[in-house]
Amino acid sequence: MARPAFYSSEPQNGPITRVMRVFGLVAMMCSLAIVGVLTMQSMNNNGPTSNKTKLAKAQASAAVGGLNFTAAATELEAYKSEHATYAGEVLPPAFGVSVMRADAVSYCLQAGIGGAVQHFVGPGGTPATGPC
């Protein structure tokens with residue numbers, strides 16, 4: 001029994017097949033271009049360089065800095081109770097802050113690098129941006 005022509009195993013090279021191949025290729029390239037543009041827009045709004053991400057990093061850094069200042073201030077108060085001065089105290093690197101200035105009645109702690117520097121003037125101060 002003979003099979004119909006549309007079941008033929010011979011390659012079809014008619015004009016409709018070529019047009020459909022070209023149309024399929026063009027449609028695929030357009031789809032990839034659209035996906036690329038949408039991905040780039042998404043990265044601008046939600047990626048690591050977006051303003052939201054930068055703001056979240058700055059807020060997280062400020063929160064961690066505040067916690068580090070609190071722990072360091074507690075250590076400095078313990079040092080003052082033993083030595084009657086803040087001068088001479090060197091905090092371990094685990095605190096994440098440095099003693100920039102210390103005398104008998106006050107001190108200034110600093111944390112961060114580059115443009116994200118914070119300082120804390122104590123005792124009883126609050127974290128503020130910028131160096132000591």
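Is Gln110 buried or exposed? Gln110 is buried, at 17% relative accessible area, where buried means under 20%, exposed means over 50% and partly exposed is in between (1.4 Å probe, protein chains only).

## What you're looking at

This is a predicted model, so a few ground rules apply: local features need pLDDT of at least 70, side-chain atom pairs count only at pLDDT 80 or more, and totals for chains, interfaces and linings use all residues. Residues are numbered from 1 along each chain as its sequence is written, and side-chain values use heavy atoms, with hydrogens and water left out.

## The overall layout

The chain has two helices and four strands, and they run α-α-β-β-β-β along the sequence. Helices (H or I, at least four residues) and strands (E, at least two) are DSSP runs, numbered from the N terminus.

Of the 132 residues in the chain, 20% are buried. The chain exposes about 9,500 Å², and carbon and sulfur atoms supply 66% of that; accessible areas come from the Shrake-Rupley method with a 1.4 Å probe, and for residues only the protein chains shown count as cover. As for contacts (heavy atoms within 4.5 Å), take those with a separation of 6 or more: residues 24 or more positions apart account for 25% of them.

## The disulfide

There is one disulfide by the rule used here, which asks for a pair of cysteine sulfur atoms within 2.5 Å. It joins Cys108 to Cys132, S to S 1.9 Å, and the link is left-handed, with -95° about the S-S bond. Cys108 sits in strand 2 (residues 107-111) and Cys132 in the segment after strand 4 (128-129), so the pair ties together parts 24 residues apart in sequence.

Another cysteine, Cys30, is partly exposed at 45%.

A polar atom of its side chain lies 3.1 Å from the backbone nitrogen of Cys132. Leaving aside neighbours within four places in sequence, Gln110 is in contact with residues including Phe69, Val97, Gln118, Pro131 and Cys132.

Gln118 is in strand 3 (residues 118-122) and is buried too, at 13% relative accessible area. Not counting residues up to four places away in sequence, Gln118 touches Ser61, Ala62, Gly65, Gly66, Phe69, Leu109 and Gln110, among others.

## Out on the surface

Leu25, Met28, Met29 and Leu32 make a nonpolar surface patch of about 420 Å². Patches are made of residues with over 30% relative accessible area and no salt bridge, with like charges joined within 9 Å and nonpolar side chains (Val, Leu, Ile, Met, Phe, Trp, Tyr) within 5 Å. A salt bridge, in turn, is a side-chain nitrogen of Lys or Arg within 4 Å of a carboxyl oxygen of Asp or Glu. Leu32 is part of helix 1 (residues 15-46) and counts as exposed at 54% relative accessibility.

Ala84 is in the loop between helix 2 (51-83) and strand 1 (98-102). Ala84 is exposed, at 60% relative accessible area, and has a phi near 60°, a positive value in a residue other than glycine.

Notes: Polar contact = N/O pair within 3.5 Å; in protein donor to acceptor, adjacent residues only side chain to side chain.
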